[in-house]
Amino acid sequence: MENLFFFLNNIVSAIWFFILGASLGSFANVCARRIPAGISIISPRSRCTNCKTPIRAYYNIPILSWIFLKGRCAYCKGDISVEYPVVEFLCAVLVLLLYREFGATYDLFFYTALCIALVVITLIDIRHMIIPDVITLPGIVAGVVFNAFRTDWREATEAVFSSGMVSFPQAADIAIFNSIGGILLGGGTFLLIAMVYRAIRKKEGMGMGDVKLVSMLGAFFGMWGVLVVIFLSSILGTLIGLLVIILRKKDPGYAIAYGPFLSLAAILYLLGNDLLLVAGINIGLFG
Ligand SMILES: [Zn+2]
């Protein structure tokens, strides 16, 4: 009986986080289209991209509406991109996996926000080859704040009271140091790559958007974490870049957005332990 309750409780949580993820995916779609166009992400409400009719709430349910409407607008029957339900579904799975990894914790809240930001960055970078500062700059601050308050505050306050000294908890000190170190190490590495590339090839290879994105990841993951993410992204970038050159017969000088590889590497870094443990491997590489 207790087992059944535990099982049902888990199912209900899973469904709840899946719906939350799908809704955040819907929000990510809105951000990815509006931020590059310079339109507010809050108002006006969503409209059909074809006939501009405001979309009624019951036609705006993540994943389901697209399926029921068979990918067509309810008013003008114009096509609705399959990108919408795909992004919503991927975000739903992503949030579900994050919940599985971190539980309903402080970490889950920040990591979910980070991952949704990474989805928006990926969609924008693929389409426009830019990474908006309005996401990465507040993201860098959020990463430092996340680490500063991540310490076990109960333990920290006990230490302060028992010693009779009112000092900033040492653990938080270390977390902030690691976070700022991650910004400098990640951003510095990419800045160096960008400068060397420009000196040798006499053209822009790595953009400043990538430098700020990797700084944001450093703020969240710290020094060791950002190095793992850079390493993973370079492997992903090389493999997928070669594939694009071969399949599409592009010349090797063809520019590919790097933001999506950094984003994917960051998500793999967060979920890596879990994914590797499923495969029975524990190399202690991931955060
Ligand atoms: Zn329409």
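1. In this predicted model, helix 1 (residues 2-37) packs against helix 4 (residues 106-128) at an angle of about 40°, and the two axes are 9 Å apart. Helix 1 and helix 4 are therefore oblique to each other, and their crossing is right-handed. On the side of helix 1 the contact is formed by Leu24, Ala28, Cys31, Ala32, Ile35 and Pro36, while helix 4 contributes Ile116, Val119, Val120, Leu123, Ile124 and His128. Sorted by class, this contact of helix 1 with helix 4 holds 11 nonpolar residues and one polar residue, with no charged residues.

2. Helix 1 also packs against helix 3 (83-102), here at an angle of about 135° and with the axes 7 Å apart. That angle makes helix 1 oblique to helix 3, and the crossing of this pair is right-handed. From helix 1 the contact draws on Ala14, Phe17, Phe18, Leu20, Gly21, Ala22, Leu24, Gly25, Ser26, Ala28 and Asn29, which meet Tyr84, Val87, Glu88, Phe89, Leu90, Cys91, Ala92, Val93, Leu94, Val95, Leu96 and Tyr99 of helix 3. The residues of the contact between helix 1 and helix 3 divide into 18 nonpolar, four polar and one charged. Leu24 and Ala28 of helix 1 are listed in the contact with helix 3, and Leu24 and Ala28 are also listed in the contact with helix 4.

3. The pairing of helix 4 with helix 5 (133-148) has axes that come within 11 Å and cross at roughly 160°. Because angles over 145 degrees count as roughly antiparallel, helix 4 is roughly antiparallel to helix 5. The crossing of helix 4 and helix 5 is left-handed. In this contact Phe110, Ala117, Val120 and Ile121 of helix 4 meet Ile135, Gly139 and Phe146 of helix 5, and by class the contact of helix 4 with helix 5 has six nonpolar residues, one polar residue and no charged residues.

4. As to the overall fold, the secondary structure comes to nine helices and zero strands, so that the pattern read along the sequence is α-α-α-α-α-α-α-α-α. Of the 287 residues of the protein, 31% count as buried. Among contacts between residues at least 6 apart in sequence, 68% join residues at least 24 apart.

5. The largest nonpolar core has 56 residues, and the members that touch the most other members are Cys91, Val95, Val120, Leu217, Val229, Leu262 and Ala266. Two or more residues of this core come from each of helix 1, helix 3, helix 4, helix 5, helix 7 (170-201), helix 8 (208-248) and helix 9 (259-278). Helix 8 gives the most to this core, with 12 residues.

6. Glycine 209 deserves a separate comment. Glycine 209 lies in helix 8, and it counts as buried because it has 21 C-beta neighbours inside 10 Å, where the cut-off for a buried residue is 20 or more. Leaving aside residues up to four places away in sequence, glycine 209 touches Ile130, Ile131 and Gly259. The C-alpha atoms of glycine 209 and threonine 136 are separated by 8.2 Å, although these residues lie 73 residues apart along the chain.

7. Serine 43 and proline 44 are joined by a cis peptide bond, for which omega is about 0°, and proline 44 lies in the loop between helix 1 and helix 2 (64-68). Isoleucine 63, found in the loop between helix 1 and helix 2, has a positive phi of about 60° although it is not a glycine. Isoleucine 63 is buried, with 21 other C-beta atoms within 10 Å.

8. Lysine 77 likewise has a positive phi in a residue other than glycine, with a value near 65°. Lysine 77 is found in the loop between helix 2 and helix 3. With 11 C-beta neighbours inside 10 Å, lysine 77 counts as exposed, whereas isoleucine 63 is buried.

Methods
Residues are numbered from 1 along each chain as its sequence is written. This is a predicted model: local features need pLDDT of at least 70, side-chain atom pairs count only at pLDDT 80 or more; totals for chains, interfaces and linings use all residues. Axes are lines fitted to C-alpha atoms, for helices over the stretch in contact, and angles run from 0 to 180 degrees between N-to-C directions. Helices (H or I, at least four residues) and strands (E, at least two) are DSSP runs, numbered from the N terminus. Angles under 35 degrees count as roughly parallel, over 145 as roughly antiparallel, 65 to 115 as roughly perpendicular and the rest as oblique. A crossing is left-handed if the near helix is turned anticlockwise from the far one by less than a right angle, and right-handed if clockwise. Two residues are in contact if their C-beta atoms, placed from the backbone, lie within 7 Å. Ala, Val, Leu, Ile, Met, Phe, Trp, Tyr, Cys and Pro count as nonpolar, Asp, Glu, Lys and Arg as charged, and the others, Gly among them, as polar. A residue is buried if 20 or more other C-beta atoms lie within 10 Å of its own, exposed if 12 or fewer, and partly exposed in between; C-beta atoms are placed from the backbone. A nonpolar core is a set of buried Ala, Val, Leu, Ile, Met, Phe, Trp, Tyr and Cys residues joined through C-beta atoms within 7 Å.
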